[in-house]
Amino acid sequence: MKTYDIVIIGGGPAGLAAAVGAKNSGCDSILILERDKELGGILNQCIHNGFGLHTFKEELTGPEYAARYIEKVQQLQIQYLLNTMVVEISPDKVITAMNGKEGLMEISAKAVILAMGCRERPRGALNIPGYRPAGIYSAGTAQRLVNMEGYLPGREIVILGSGDIGLIMARRMTLEGAKVKVVAELMPYCGGLKRNIVQCLEDYNIPLKLSHTVVNIHGKERVEGVTLAQVDENLHPIKETEEYIPCDTLLLSVGLIPENELSLEMGNEMGKVTNGPIVDESLETNIEGVFACGNVLHVHDLVDFVSSEAETAGKNAALYVNGRKAKEKMHLIPIHHEEGVRYTVPAHIHPENMEEKLTIRFRVGEVYKNAFIVVYFDEQQVFKKKRSFMAPGEMEEIILRKEQLLDFPQLEKIRVRIEKE
């Protein structure tokens with residue numbers, strides 16, 4: 001059995017950045033396991049620009065951003081295996097994986113970093129009636145077909161869901177000569193970034209219908225059209241608002257789910273909202289020496305945030321391998337999410353183990369205008385910041401300082417909430 005200090009599951013943006021973070025923190029025995037034929041993950045099919053503004057201070061395409069990190073990994077001589085599928089991770093950090101060259105293998109690790117990314121929610125999760133005709137794709141599958149394989153999935157398109165991939169594909173399909181009839185969104189707000197609404201829909205005069213959903217898919221062999229309907233405040237379709245739209249393709253952009261089968265099987269405690277592992281300030285899960293970062297932890301809106309988070313995970317995994325102080329005797333403070341805050345990452349912290357600054361990321365549950373992000377230490381308000389606009393599609397963050405927390409040695413909980421004017 002081969003043994004490494006750190007084994008990273010996934011060679012996408014999170015896995016690459018975690019490897020770089022671990023190597024730069026003094027750990028030399030690192031292995032990345034990637035199931036695809038190349039490193040880079042989902043970035044390889046994201047040929048649009050808009051990546052790297054935070055990390056590299058310039059605008060890059062997805063493949064360009066991935067190439068920067070792949071180059072770093074190769075320069076640092078970090079080992080990686082491609083076409084390698086991880087099938088199991090035991091709680092004592094033995095990884096069972098397989099590939100065509102070496103067959104089934106077992107790898108022992110002192111620390112494991114989970115960086116498997118996420119997958120799209122399929123049609124089966126939506127309960128839309130109708131047959132199963134050709135022409136129904138998830139937006140990410142359509143993106144791969146167009147950008148990497150050179151196929152155009154259809155000519156007349158309806159997109160259900162306003163996640164960022166759906167918005168970007170509305171523009172991409174238009175540029176390839178298809179006609180995007182409408183983007184329909186179940187919620188009363190858009191699920192993507194504001195810049196994507198402007199650049200992908202408004203700039204191309206593609207209509208966005210909020211509080212609408214597909215209630216029927218027509219066609220047996222191939223999609224012939226869909227029926228759209230408005231929904232009420234309980235998200236139930238309103239019969240008299242039904243409208244038939246002829247089309248040959250339906251793209252689904254209805255949410256992302258962290259790829260967490262391995263995490264669950266090894267016994268990680270999972271967040272009910274994020275569907276990812278619950279972690280502390282080091283991005284360490286409830287299993288000692290197992291860390292999580294990127295979209296497997298919670299779905300991010302910008303890859304730059306994935307990279308910075310993953311580098312932190314890599315650094316902390318290296319500290320763990322090199323004999324970090326035991327956390328059992330440290331003061332553990334839970335972070336409570338209240339009033340409009342859906343979750344926080346991390347979910348709890350050990351102040352003694354923190355760096356000087358800690359970024360707490362979260363998403364809100366609805367659209368807020370001119371509201372405040374407020375933090376309480378027990379009942380004492382310690383932070384208040386006004387935001388002119390907040391929406392579920394965009395991640396929010398606050399920064400806690402170690403010195404602040406050490407001034408409250410008896411602190412029982414941190415509360416993060418949204419308060420209106």
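1. A disulfide here is a pair of cysteine sulfur atoms within 2.5 Å. A search of the whole structure turns up zero disulfides.

2. A word on the source: this is a predicted model, where local features need pLDDT of at least 70 and side-chain atom pairs count only at pLDDT 80 or more, while totals for chains, interfaces and linings use all residues. Residues are numbered from 1 along each chain as its sequence is written, and side-chain values use heavy atoms, with hydrogens and water left out.

3. Buried means under 20% relative accessible area, exposed means over 50%, and partly exposed is in between (1.4 Å probe, protein chains only).

4. On to helix α2, residues 62-75. Helices (H or I, at least four residues) and strands (E, at least two) are DSSP runs, numbered from the N terminus. With 14 residues at 1.5 Å each, α2 should span 20 Å, and its end C-alpha atoms are 20 Å apart, so the two values agree. The expected span is 1.5 Å times one less than the number of residues.

5. Which residues of α2 are buried? They are Gly-62, Tyr-65, Ala-66, Tyr-69, Ile-70 and Val-73. Looking down the axis of α2, these buried residues fall within an arc of 135°, so they line one face of the helix. The arc is taken over the directions from the helix axis to the C-beta atoms. As background, an α-helix has 3.6 residues a turn, so residues three or four places apart point the same way.

6. The cover over the buried residues of α2 includes α1 (13-24), β2 (30-33), β3 (49-51), β4 (60-61), β5 (79-81) and α7 (303-321). Contact, here and below, means heavy atoms within 4.5 Å. Just after α2, Gln-77 has a positive phi of about 55°.

7. Leu-81 sits in strand β5 and is partly exposed, with a relative accessible area of 21%. Setting aside residues up to four places away in sequence, Leu-81 touches Leu-31, Ile-32, Leu-33, Glu-34, Glu-102 and Met-105. Its C-alpha atom is 28 Å from that of Ile-165, a residue 84 places away along the chain.

8. Strand β7 (residues 94-99) has five of its six residues buried, so it is largely enclosed by the rest of the structure. Two strands pair if DSSP finds at least two bridges between them. β7 pairs antiparallel with β6 (residues 85-89) over four bridges, and Ile-89 has Ile-95 in β7 as its bridge partner. This hairpin has four residues between its strands, and Lys-93 there takes a positive phi near 65°.

9. β7 also pairs antiparallel with β8 (residues 103-114), over six bridges. These two strands form a hairpin with three residues between them. Met-98 stands opposite Leu-104 in β8.

10. With β27 (residues 414-420), β20 pairs in the parallel sense over three bridges, and Ile-335 stands opposite Ile-414.

11. There is also an open sheet of three strands in the order β21-β23-β26, with antiparallel pairing. Its edge strands, β21 (341-345) and β26 (396-401), each pair on one side only. β21 is joined to β23 (residues 357-364) by four bridges, and Tyr-343 has Arg-363 in β23 as its bridge partner.

12. Finally, Gly-255 is in the loop between β17 (249-252) and β18 (256-258). Gly-255 is partly exposed, with a relative accessible area of 30%. Apart from its neighbours within four places in sequence, Gly-255 is in contact with Arg-119, Glu-120 and Arg-121. The C-alpha atoms of Gly-255 and Cys-118 are 10.0 Å apart, with 137 residues separating them along the chain.
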